[in-house]
Structures are given as structure tokens and as C-alpha cells.
Amino acid sequence: MTATLKNDDFGFFGEYGGTYSPEALMPILDELLAAFRAAEADPDFMQEYLSILANWGGRPTPLYYAGNLSRAYGADLYFKREDLMHGGAHKTNNAIGQVLLAKRMGKTRVIAETGAGQHGVATAMACAKLSMECVIYMGAVDVARQAPNVERMKLLGAEVIAVQSGGKTLKDAINDALRDWIATCETTSYVMGTVAGPHPFPTMVRKFQEVIGREARAQCLAQIGRLPDYALACVGGGSNAMGLFSGFMDDKDVQLIGVEPGGHGLDTDKHGAVLCKGVTAVLHGMKTLGLQDKDGQIFETHSISAGLDYPLIGPEHAYLRDTGRASYVAATDDEAVEALQIFTRAEGIIPALESSHAISYALKLAREQQGKIILVNLSGRGDKDLAHIQAYLAEKA
Ligand SMILES: *Cc1c(COP(=O)(O)O)cnc(C)c1O
């Protein structure tokens with residue numbers, strides 16, 4: 001496989017992406033790829049997907065002009081309100097798309113892995129809506145840390161399996177979920193939470209998040225009369241950013257900027273700034289960038305926002321970085337919390353800690369680029385983060 005075309009059906013983005021999976025998974029991924037290509041080409045399928053997002057999910061989400069912040073910082077700041085999406089974040093767009101696809105494939109059961117629980121909750125919501133059996137794999141450590149999300153999933157009818165192997169966190173949950181999938185693929189589909197993993201997941205998850213960028217571009221033209229100078233999004237695995245960026249990919253004057261979790265800072269250990277400091281690695285079924293320690297091991301990251309705590313990055317982002325179409329920066333834990341406080345006070349909206357990384361850089365950019373138009377994807381709402389923020393601020397005080 002030497003294909004270098006972007007989005008060809010080997011799933012390569014330059015040298016990144018592809019399918020680096022166990023032999024047993026290959027026919028299952030082939031089946032999924034064929035089903036996805038047929039579904040995305042079927043107007044009835046896409047219509048049903050968009051109709052559920054509208055009636056059940058609350059789309060389109062508004063494009064919000066942050067007047068108070070814009071006056072204070074000297075640039076025009078606009079926010080795409082994915083925080084108003086049903087479920088409180090963009091993850092719902094993807095979950096409903098993949099569960100709908102599973103149903104179309106004749107499957108009756110859906111499995112997913114989750115770390116902090118946000119993707120698990122989104123998947124459980126989609127499964128309840130579409131009457132599918134739902135099993136969520138979650139590391140035992142995360143089950144204990146994220147009790148409210150576990151309760152939500154159970155209330156929605158999902159079975160939550162606490163994974164006891166390895167470090168009992170996300171990586172172990174992924175391994176167990178994949179084992180389940182290989183054994184049960186006749187009846188079961190796997191729902192991936194971000195634009196990562198083997199082909200077709202990065203392409204498919206992007207497809208189901210493109211609605212963000214499509215809406216945002218049309219709203220900019222309708223409300224501002226022009227496109228923004230900058231489009232910013234936070235980057236964990238990279239799905240909300242790919243969704244936003246996709247709308248502006250061919251608009252070369254729109255600068256695309258991804259903001260990664262810098263943890264305690266880029267010169268410290270274990271930050272999550274994969275695109276800023278990662279090396280090429282083959283892991284989780286794809287070739288991409290990963291963070292490496294002194295011994296050459298890919299390590300687990302630590303960020304204040306659980307949703308950005310992922311040691312790898314979607315392969316398309318690695319490609320966009322190499323080609324220069326997008327650039328990537330980092331915001332630290334402190335900067336994200338400060339931005340959250342500023343934004344909440346100024347605009348009366350509590351953003352997710354994940355989104356606050358993008359807000360932090362947007363405020364920095366606004367100071368330097370007076371009069372420019374800056375669009376930020378507000379990927380989710382921050383109610384889920386309250387306890388976390390309080391603990392963080394108490395420790396600082
Ligand atoms: C999960 C999550 C993210 C990070 O995931 P991406 O795939 O990088 O988008 C960002 N923001 C919120 C609110 C999330 O829940």
C-alpha cells in the first residue's frame with residue numbers, strides 16, 4: 001500500500017492513517033467501509049441522519065457573536081455553539097451517525113469504549129433513540145472517577161463493563177472492546193469516538209462531524225457577510241476540529257488552528273501536545289503521531305480536561321500539519337481555566353474545559369490581530385467540569 005492520495009480508500013492522509021490492525025479485524029473493517037461508502041452516497045440515509053440531528057439533536061446550532069469579549073479584546077470573536085447540541089457537546093453528531101449506520105447494516109448491538117464517559121453517554125443516547133443494544137467498555141479506574149456518566153449510561157439502558165486489565169483506563173477499554181467486536185461482529189458494530197483508529201474510522205467520524213463546518217461557513221456568510229480570518233478548535237483526538245476545519249478547507253485565506261492540551265507546559269512531562277511535539281508512531285490501528293518518553297515508549301497524557309487526554313492524534317491532523325494547511329499550538333491547564341473564567345463572566349456561558357483551550361488561544365490571537373474575525377468552535381458546555389474546576393482552583397489558592 002503506497003497510496004498517497006488524501007481520502008483514497010486505503011484511508012491514507014499523506015503517510016498517515018491506513019489500516020494497521022490484527023488480521024482478524026480486516027474483514028470486519030472492510031464490511032464497515034463498504035457499508036459506510038454506500039450509506040454516505042445514499043441521500044435517504046444522509047437525510048435521516050440530518051433529520052434526527054435537527055429534531056432530536058437541536059441542529060443547527062447558532063453562530064454566536066461574543067460582543068462583550070470582542071469589545072474588550074479588539075477582534076471580532078464568533079463561537080459555534082456545539083455546547084447547545086443535545087448531550088452538551090459535538091459528540092452526539094458522530095454517535096447518531098455511526099449507530100444509524102450500524103442499524104442500516106442489520107446489526108442489533110453496539111459497543112464503544114469511553115474514557116471520561118462523554119463518548120459512552122453520547123453512544124448510549126443514540127442507541128436508546130435508535131433502539132439498539134448498547135455495551136460500553138470503560139476502565140475500572142475511570143468508572144470510579146466518572147460516576148455521574150456511568151449513572152447516565154445505565155439510565156439510558158446501556159451496560160457498562162468495568163475493565164480490570166492493565167492500567168484499567170482508556171487504552172485497556174479499547175483492547176477489550178476490540179476483542180468483543182472480533183467475537184461478535186455478526187451482530188455488533190463498534191462506534192469510535194474520534195477521528196482516530198484504523199480506516200474507515202477517521203474518515204467516517206469526520207464525515208459525521210462535517211455538519212459543524214458546513215453550518216458555520218454558511219452562518220458566517222449570512223451573519224457577517226464574509227468568512228473568518230481564523231477558525232480555531234481544541235484538539236483531543238481531533239473530531240470537533242476536523243468537523244469545523246472541513247467547512248473551510250478550500251478557503252485558503254481562512255487560517256485553521258488546532259489547540260492542544262499543554263498540561264503543565266510543553267517543557268514538562270506528559271503534556272498532550274501531540275502535534276506540537278509528537279513523533280511518528282503506529283498504534284491503535286493507524287500510523288499517526290504520538291508522544292514518546294525518553295525510552296521511546298508512547299505514553300499516556302495528563303490534561304486537566306479528560307476529553308483531551310489522548311496520547312495520539314487523528315491522522316488527518318498530522319497530514320494538515322505537515323502540509324501547512326493547519327497549524328497547531330498548545331494551551332496549558334492554567335491558561336484553559338483562566339479562559340473559562342473570563343469567558344463565563346463576559347458572555348454568561350460556561351464552556352467545557354476542552355473548549356476553553358481554544359478560547360484561551362483565541363483571546364491571545366485577538367490581542368495580536370486587532371480587527372480580525374476569529375471563529376472558535378465551542379465544542380461543549382462546562383457543567384460537567386464544575387467539581388473539577390473547583391478542586392483545581394482550591395489547590396492553586
Ligand atoms: C471529547 C471532547 C473533545 C475532544 O474530542 P475531539 O475528538 O478532539 O473533538 C473536545 N471538547 C469536548 C466538549 C469533548 O467532549
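Which residue forms a salt bridge with R226? Keep that in mind as you open the structure, which is a predicted model.

**Stop 1: R226 and its partner**

Select R226 and D229 together. These two form a salt bridge, with their closest N and O atoms 2.7 Å apart. R226 is partly exposed, at a relative accessible area of 36%, while D229 has 15% and counts as buried, because buried means under 20%. Why would such side chains pair up at all? Side chains of opposite charge can do so when their charged atoms come close.

**Stop 2: E215 and K80**

There are 24 salt bridges in the whole structure, so let's pick another. Select E215 and K80, whose closest N and O atoms are 2.7 Å apart in a salt bridge. E215 sits in helix α9 (residues 201-223) and K80 in strand β4 (residues 76-81), so this pair ties together parts that are 135 residues apart in sequence.

**Stop 3: K384 and E354**

Next, pick K384 and E354. Their side chains meet in a salt bridge, at 2.8 Å from N to O. You'll find K384 in the loop between β14 (373-378) and α15 (386-396), and E354 in helix α14 (residues 353-368), so the pair ties together parts 30 residues apart in sequence. Is each one buried or exposed? K384 counts as partly exposed, at 35% relative accessibility, whereas E354 is buried, at 9%.

While you're on this theme, select D9, R37, E40 and K207: salt bridges that share partners join these residues into one network.

**Stop 4: two helices crossing**

Colour helix α2 (residues 43-55) and helix α4 (residues 91-104). Their axes come within 10 Å and cross at roughly 140°, which means α2 is oblique to α4. The crossing is right-handed.

Now show side chains where they meet. From α2, the contact uses F45, E48, Y49, I52 and L53. From α4 come T92, N93, I96, G97, L100, L101 and R104. What kinds of residue make up this contact? Seven are nonpolar, three polar and two charged.

**Stop 5: S239**

Finish at S239, which belongs to helix α10 (residues 239-246). S239 is buried, with a relative accessible area of 4%. To see what surrounds this serine, select H90, G193, T194, V195, V205 and Q209; S239 is in contact with each of them, leaving aside neighbours within four places in sequence.

Definitions and conventions
Residues numbered from 1 in each chain as written. Predicted model: local features only at pLDDT ≥ 70, side-chain atom pairs only at ≥ 80, totals over all residues. Heavy atoms only, no water. Helix = DSSP H or I, 4+ residues; strand = E, 2+ residues; numbered from the N terminus. Buried < 20%, exposed > 50% of the residue type's maximum accessible area, 1.4 Å probe, protein only. Contact = heavy atoms within 4.5 Å. Salt bridge = Lys/Arg side-chain N within 4 Å of Asp/Glu carboxyl O. Axes fitted to C-alpha atoms, helices over the stretch in contact; angles between N-to-C directions. Parallel < 35°, antiparallel > 145°, perpendicular 65-115°, else oblique. Left-handed = near helix turned anticlockwise from the far one by under 90°. Nonpolar A, V, L, I, M, F, W, Y, C, P; charged D, E, K, R; others polar.
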